[in-house]
Amino acid sequence: MSNNFTEKALEVAQKEGATEVIARLVEGPNYQIRFSNSNIDISKQWDQSMLEVFIAIGKQITQVDIQDPTIPKIEQIVKQATNFAKRMPDSQLYATMESKKQSYKAIDGLYDKTIETFPEKAPEMVNVAIEKALEVGAKRAAGVLYFGKTRSELLTSYGNSGSYDTSFYRMTIRSFVDFESSGQDVVVGRNMSNIEKKFSEAGENAGKLAKMAVGGKQGKAGKYDLILSPTVGGNLFGQITDGANPLMLLLNMSPLGDHIGEQITPEDFHVVDDPHISEGLGSKPFDVEGTPTSKTPIIQNGVLVGLIHNTTSGIMMQTESTGNSNLTGFFGSGSKFLAPEPTNMVYSKGDYSLDEIIAESKKPTIYVTSNWYTRYTNMIEGEFSTIPRDGMFLIEDGEIKKPVRKLRISENLLKMSKRVEAIGKDRKQIQWWEVYTPTFIPTIKIADCNITAATQ
Amino acid sequence: MNIWFITMKDGKDIADFAVDYGTKKGANYIEARYVDSRDEGYTTRNGALIGGGIVNTQGIAIRVLADGGIGFCSTAKLEKDHVKKAIELAIKMAKASKRKEPIIFSEEDVVKTKWSTPVKQNIADISEEEKIKFVYDLDKTLVSQDYGESLVTRTLMLNLNDVKKYIHNSEGSQIESEKSLIFFYTFNTAKGTLGTEQRFNGMGGSMGWEWFEEENIVEKVILDNEALVKTAINAKEMKLGEIDVIVSGEVAGIIAHENTGHPSEGDRILGREGAQAGESFYIDLLKDQKLGEIKIGSECVNLIDDPTLPGSAGFYLYDDECVKARPRYLIKNGLINEVLLNREFAYKFETKSNASSRSMGYDREPLIRMANTYFGPGDHNIEELFEDVKKGIYMKSFTEWNIDDRRFQSKYVGLEAYLIEDGVLTDKMVRRPILELTTFGLYGSVDAITKDAEFPMGHCGKSDPGQGAPCWMGGSQVRMRNIRLGGE
């Protein structure tokens, strides 16, 4: 497929004086269907073919993306980028990259060939989800479906090379009974089998939640236990586990700075960065440096035990790369650099069903099914607030009493994580607008959370 | 040496070809948008470079209307055969939508024109060394200030963006444009007596390299960081009860953006962003009232969204549907006056588009977006606002903020904030005061607005995949009466 694009990029960069080079070619059509008011609004196809080239001359670095690469384009762009790198000062965040010759184990299940014919079927599948939501009581449904296939091919100047194919789908469906009574579900994976059933269930879940939310009134501010659905937990706990990253610590964008080796959750709480799950949208056999990916414990028995690393952060913190290197950047594609990035964050299951967690909630408790707009007063302290949206329910004496609305969770990440009271066995993969890192997480209950509301 | 193989003329030719081909293939409407963009960026941490680079991107977006549905394809493969396939697929996908209610665009004038942002010093003509030196020197300047040691981490980011565009649609409109944008961000942490304070600050404009000097950016960054350190050292928690609150143009700007700009987006109001950025409480108001008649705040409240402000981050003269830009008077004398519309939603609102359609890349669909949203001026100066306050706070900057997805319940946490006592602004700093109010609560409490204005920059987030749109959000300073601070 590549027409030797990766080889050519290395050849040109090295000829111009690069000491270390990475070339990664990512190809494959991706698709999106957006829908609202129970109708498809737009169908899209992105015809992607991009060569990413990372260039180092000692510690002088740069990175360039080449859309629709051709040999003449590579010759000129990589030459120019290498000469650009020569004019850069040394990067504080670059030491070196993976230099050992590596081999990789394939991960089963990353690619399902039926994705090839799915574009024809996709509108119908979207309508299956919509119809199911309407059938169980919703009046309208909105959402987004992404799907596609990707081939990734890597070559580094240390001779590490490999390729893998992936398929994926990700659908968010939000159903409405009226303007304020809504419910959402997310369905994510790589295996296209039983897709109609999966979409139908997502529509059903969203529709039922919307119906349950009808008649909700303004809730009261105060202290409540909270039951967080996987969607909400993926966002809030994701703020903690995504912070187990040396880059985030270095920039003071993580609350975990002084807490490595400390108990930050109860003992039955475990989280691992796991790149080897077939269905995981972050799964891959090797990272962008060519380091084989591996499972990295983040929280074990409640203790913050590890961080994800690439080669440079491993050297900085006197440890090894965990195979989490990726090209990342802030605010603009012009300044990407190598940094650790999570693959799939996997939270251990607990023993409780959602019904059991609800039944055992004797204190005033709120079940939050979705949230958005999490923002910080201070990222080091972990002071944040977030806004529940969709169905939110007040539980008293072990029973859902009524839907409530218009409340805000105003909390502290690490204080909150110490108050985990129950962990569900209903783990599912979440990735949507508010959860960037693919996260396998169950329902989680937290005691004594601060809930606020508008004062006027 | 020109390393790019596709010139603007080539891009225009392929877009012209696309419109012709799509029309022949049966599209009811086709729009081809060729985009050639250059993104350059440098990031430093505590005075040392983290990364830097230049990325050039060229591609074409094809958007078609066929059988009442919309299909969209984008590709960087600009040969005719690839573009033909993209068009055929876009038509096929549009037809497969099988919508019950067909999408129809409002009728708009056919326009053939060119526009660009005035630039004195082209960013591509400034050497990489000079750009990096600017960032390095600014970091050194911050460290050399009296407060420098308290700035424990300093992340400075310079981004330079140049976008050339050519849009051609099957109605005959053809618009060529070039926009130069500069952004400078800081994300800094100051250590003080009670712990740390953090601030993410964005500034930006559609100018050339001269922006730094003409807008006194270095001086603004120095003052901003001085305030951050001062806050970390001096701010004290206070229980203030019900008080008056005066907010700066920065805080007024985020309120204008979140509490008015977003709920004014026509696609939100009618549900198209339902599963992503959310909907709008305006739909409740529009059930039995009309635009121009809905009271949302005090008579002195005027909110404007204006893409035509010269030098602004959200500047444009024609939108991505070839409609001529103009100021949008979203709230006029306390009444909801107008909403933001593209052609699809202008038709649904039975009016004309007000040119709110923007796309952030060749591979993104155009959506209804704000440009530069601001609190319109009153007739006071800031001292007059202080004079009438017995007990209050002056919130000059903000940190955490959020709002529900119908844009009704908002929260703004003050960063640099001072106590006002008996009509005098004191130097007593209030730690993290919280405005947690509904949109009606906010606008209904406004009683006076200043003549002056400021225009901080932000990237407005919307849609899926997210499209961060550069916007100014600012305006005049605003006084609100009898506010119960939240979070207690």
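Two residues count as in contact here if their C-beta atoms, placed from the backbone, lie within 7 Å. Keep that cut-off handy for the exercises below, and remember that the model is predicted.

**Exercise 1. Work out which residues of α1(A) and α2(A) meet, and how the two helices pack.**

Step 1: Apply the cut-off to the pair. On the α1(A) side you get Phe5(A), Lys8(A), Ala9(A), Val12(A) and Ala13(A). They meet Ile71(A), Ile74(A), Glu75(A), Val78(A), Lys79(A) and Thr82(A) of α2(A).

Step 2: Sort these residues by class. The contact splits into seven nonpolar, one polar and three charged residues.

Step 3: Turn to the axes. Helix α1(A), residues 5–15, packs against α2(A) at an angle of about 35 degrees, and the axes are 9 Å apart. The crossing is right-handed.

**Exercise 2. Follow β2(A) and find its strand partners within chain A.**

Step 1: Start with β1(A). It runs antiparallel to β2(A), with 17 bridges joining the two. For a landmark, pick Asn30(A), which stands opposite Trp46(A) in β2(A).

Step 2: Check the turn. β1(A) and β2(A) make a hairpin with two residues between them, and Asn37(A) in that turn has a positive phi of about 50 degrees.

Step 3: Go on to β3(A). This strand pairs with β2(A) over eight bridges, again in the antiparallel sense. Here Phe54(A) stands opposite Gln63(A) in β3(A).

Step 4: β2(A) and β3(A) have two residues between them, and Gly58(A) takes a positive phi near 65 degrees.

Step 5: Is β2(A) mostly covered or mostly open? Mostly covered: 17 of its 19 residues are buried.

**Exercise 3. Describe the side of chain A that touches chain B, and trace what β2(A) does there.**

Step 1: Count the residues. Chain A brings 72 residues into contact with 81 residues of chain B.

Step 2: List the elements. At least two residues each come from several elements of chain A, among them β2 (39–57), β3 (60–67), α2 (71–86), β4 (140–156) and β5 (161–178).

Step 3: Find the main supplier. That's β2(A), whose 10 residues are the largest share of this side.

Step 4: Look for pairing across the chains. β2(A) and strand β3 of chain B (residues 69–75) run parallel and are joined by five bridges.

**Exercise 4. Characterise how the two domains of chain A meet.**

Step 1: Domain 1 covers 5–212 and domain 2 covers 217–452 of chain A.

Step 2: Get the spacing. Their C-alpha centres lie 22 Å apart.

Step 3: Count each side of the contact. Domain 1 of chain A gives 44 residues and domain 2 of chain A gives 35.

Step 4: Name the contributors. On the domain 1 side, elements giving two or more residues include β1 (20–36), β6 (181–189) and α4 (195–212), along with β2(A).

Step 5: Finish with the classes. The domain 1 side has 20 nonpolar, 14 polar and 10 charged residues.

Definitions and conventions. Residues numbered from 1 in each chain as written. Chains lettered and ligands numbered in written order. Predicted model: local features only at pLDDT ≥ 70, side-chain atom pairs only at ≥ 80, totals over all residues. Helix = DSSP H or I, 4+ residues; strand = E, 2+ residues; numbered from the N terminus. Pairing = 2+ DSSP bridges. Domains from an automatic or database assignment. Nonpolar A, V, L, I, M, F, W, Y, C, P; charged D, E, K, R; others polar. Axes fitted to C-alpha atoms, helices over the stretch in contact; angles between N-to-C directions. Left-handed = near helix turned anticlockwise from the far one by under 90°. Buried ≥ 20, exposed ≤ 12 C-beta atoms within 10 Å, placed from the backbone.
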